[in-house]
Structure formats: C-alpha cells, structure tokens
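Reader: Hi! Could you walk me through the aromatic side chains in this one?
Author: Happy to, let's bring it up.

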Amino acid sequence: MTKERSHRPKLTLSDLYDSSVVYTSRPSYISNPWLEPEEHQSNFLTGRELIIANHMPVIVHEASVTDKLKQLFEAVGKTMPTNIIQFNDQQSYEQTLKVLAQEENKKIYFQYIHGEDILTKAHYALDKDIFVALNNKARIPEWTNNQFLPRREVVNIEDFEAAVSEWSFPFVLKPGDDLPTAGGYGVMICYSEEDLTKAKTRIAQAQSETDTMIIEQKIEAIANYCVQFAYSENGGIRYIGTSAQLTDAYGYYSGNENAPDVPKHVIEAGREIMEIGVSKGYFGVAGFDLLLDDKNDVYAIDLNFRQNGSTSMLLLEPLLQQGYHKFYSYISPGDNEQFFATILKYVRLGVLFPLSYYDGEWFENDTVQSRFGCIWHAENKATVDTLEQQFLKEIQEK
C-alpha cells in the first residue's frame, strides 16, 4: 500500500549546513584524466539533490529547472523549490560562484573540487585540504585505521609497469592522487592482458597529472554496499541507511537499490570510518563503498566523503512505498516529448518518484536528449522489473 506523501525526509541538507552555505554538485568544467564527464551529464547532476536540499540554496543549470520538473514534482505533491541559483554555461557558472563567494560572502559546499583560479580554498564551506585528503584513494588506510583493506600496493607511476607485472589477475587499478573520480570511471578492473593493455594506455595518457597508482586485490564480493552517514555539530553522527550498488563486471556504476538486511558489522565498519573523518574535520553526508565476501569479511574499496547517488533515495525513504526501491537515471532515446509523457504517466501511477529532469527542449538551437533521475518504488523487485520493462518499451515506441 502506498504511504501518505506528507512525511518529511529522514534528514535534509539544510539540517546539516549553515544558512550561509550554497551547494553545487556540478563537476568543474575543467576535466581531469580520471573524470571527464560529458557536459550535459554534468549539468543534469546539478538538480539531483533539489528535493533533499530543503532551504539550502543549490546552484542548478537552467535546463534542470523547467516547467517539466515542476509538473513532475506536483505529481508527487511537491512544490518547486525556491532555493535555486541558476546558470546556463561555463562562464555564468563560474561567475555565479565568484559573486556568491566574493561579493555575498557565501561559503560553497562543493561535491567536486574546483581549481584555485575559480575560487580559492578560503571560500570552501568544508576545508578544501581536508576534503581532498579524505577522498584520496591512496590514503584509505589512514581513514580506516588500517582495517578493512584488500591487499594493495601504492607505486610511483614510473614504477607501475614493473610493479604490476608481479601481480596475478584479477586485480584493480586506481589513481592514487588528489584528482576527483566518480561512477567507477577512475577504476580499472583487469581480468586479462587485454584489460591491462587498455589500462596502461589510460595511465600513460594521465602521466603528466598523476604521480601514483594503486594496485589492489580484486575482492570476490557477495554484496557491494554504499553505507551512508551524516554529521553536523548539532546532530552528531547519524546513520542514514545503506544501498546496494548496481555495477557491471568492470566496476562502472549505474544506480542503487535499497538494502534492507545489512549485516550489523558492515554498518559498524562504516561508522568507524565516519568517526575518523569527523575527527579530521569533516561534516556533511558521506558514503563508503564496502564489500562483503563469502567469509563475511568487510573491505573498504572507496570512501566518498561527499553526497552519493543514492543519498536522496535513503533520505526520502519515508515518502516511498514500502518494499523495493531503485535509484536510477534514464536518457531519452530520441523523442523528448514522448519521454517526458511516459515519465509523467508512471510518476502519477505512484511507482516512480522524480528527483531531477534535464529538459533537452530548453536548448532551442541544438538537439539534446532529455535526462531523468528517479526512484522506482513498489512492493517488490519483480514488480519494479516488470514496470521498468514496460516503461523502456513505451519511451521507444514510435
């Protein structure tokens, strides 16, 4: 049975951050070898946290806050947020950051670090050096008290080829520096010489910007969790839930589903890591990618001291049907109007909760595919699977 939609989220971002803080989830327009997001995807990401932001101002691309999003929100009893600061291109985005920080004395809470030429570290809500250090994959042993670690080796990039030749397949390669990564894009899982050859090509291309590489044991996991916590000075550390990661064999992330029966020792491992992060000065939401193997051992493979894709799904749980929840996103296969009409149909059916909509029709002179971020919610996974297949068929129909 569908729950009443009047429930509040478990927590909102404005519960965690001072009123002088503005949030941006957009990666910098200046990419790096381990994070090269397509421009429309980066713009689409700016709307993902609108519902959970509550009163917290959010910097959002104009195409992510058109009347179509308003219609979707109204279909689930939500009004369009008023906490939106809009931009439409690189120049307006970077200028917006500078005006907010330098003229209006706002602090910016970044999802991804930006260059010092855009804003100096003095304007970060969370100390930039702490943020960078906690998200550096090479430093995971420090933030876990040397627990929960796969066998791993951190090597200088010039020594990488010699070091990796001593390893047996399968293994995982990751950059071991301060450059941000996302969605598994910076992770290279090698099952064969062919995989390793591709990885060596990528590493060679990154050599001018990356000093170290991590070679890590490939854990044969029976579960892949993202365990999430929030911290504020007033509220202390709060467990907000765990999702199961949806990834392919090469670690590329596509979404999450709820994980109702998470072993207690997995959650406690996440709490220990959060306590260490907080002791170093971290505040806000964090999610830790923890694997569980068939011996019931926990392994920390990535620590995301930032909001995660499934953060909204966990915080909005009181507003969703009891049962199965799936965080996912979709790109229009061609007909944007049909795409939107189909989405609206399923939202009104009470099985699809909208988070964000990037309106391709906003770009009057360019052909741009619309994008949609959402949560499926129904009694069980089988029901969602059936509904999703119907949805995918309908957005393709001519």
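**Rings and charges**

Author: Let's begin with a charge and a ring: in this predicted model, the charged end of Arg-26 sits over the ring of Tyr-93, 6.0 Å from its centre.

Reader: Which other ring does the charged end of Arg-26 sit over?
Author: That would be Tyr-29, with the charged end of Arg-26 3.5 Å from the ring centre.

Reader: Nice. Switching to ring pairs, how many aromatic pairs are there in the whole structure?
Author: A search turns up 23 of them. Take Tyr-109 and Phe-283: their ring centres are 5.9 Å apart and the planes meet at 70 degrees, over the 60 degree cut-off, so this pair is edge-to-face.

Reader: Where do Tyr-109 and Phe-283 lie?
Author: Tyr-109 is in strand β4 (residues 107-110), while Phe-283 is in the loop between α9 (264-279) and β12 (284-293). The pair therefore ties together parts 174 residues apart in sequence.

Reader: And is Tyr-109 buried or exposed?
Author: Tyr-109 is buried, at 3% relative accessibility. Phe-283, at 23%, counts as partly exposed.

Reader: What about Tyr-328 and Tyr-330, how are their rings arranged?
Author: Their centres are 5.3 Å apart with the planes at 55 degrees, so that pair is tilted. Tyr-330 has 7% relative accessibility, so Tyr-330 counts as buried.

Reader: Last one: which residues form an aromatic cluster?
Author: Phe-229, Tyr-239, Tyr-282, Phe-288 and Phe-305 come together as one cluster.

Technical notes. Residues are numbered from 1 along each chain as its sequence is written. This is a predicted model: local features need pLDDT of at least 70, side-chain atom pairs count only at pLDDT 80 or more; totals for chains, interfaces and linings use all residues. Side-chain values use heavy atoms; hydrogens and water are left out. Rings of Phe, Tyr and Trp (its six-membered ring) pair if their centres lie within 6.5 Å; planes under 30 degrees apart count as stacked, over 60 as edge-to-face and the rest as tilted. Helices (H or I, at least four residues) and strands (E, at least two) are DSSP runs, numbered from the N terminus. Buried means under 20% relative accessible area, exposed over 50%, partly exposed in between (1.4 Å probe, protein chains only). A charge sits over a ring if NZ of Lys or CZ of Arg is within 6 Å of the ring centre and within 35 degrees of the ring normal.
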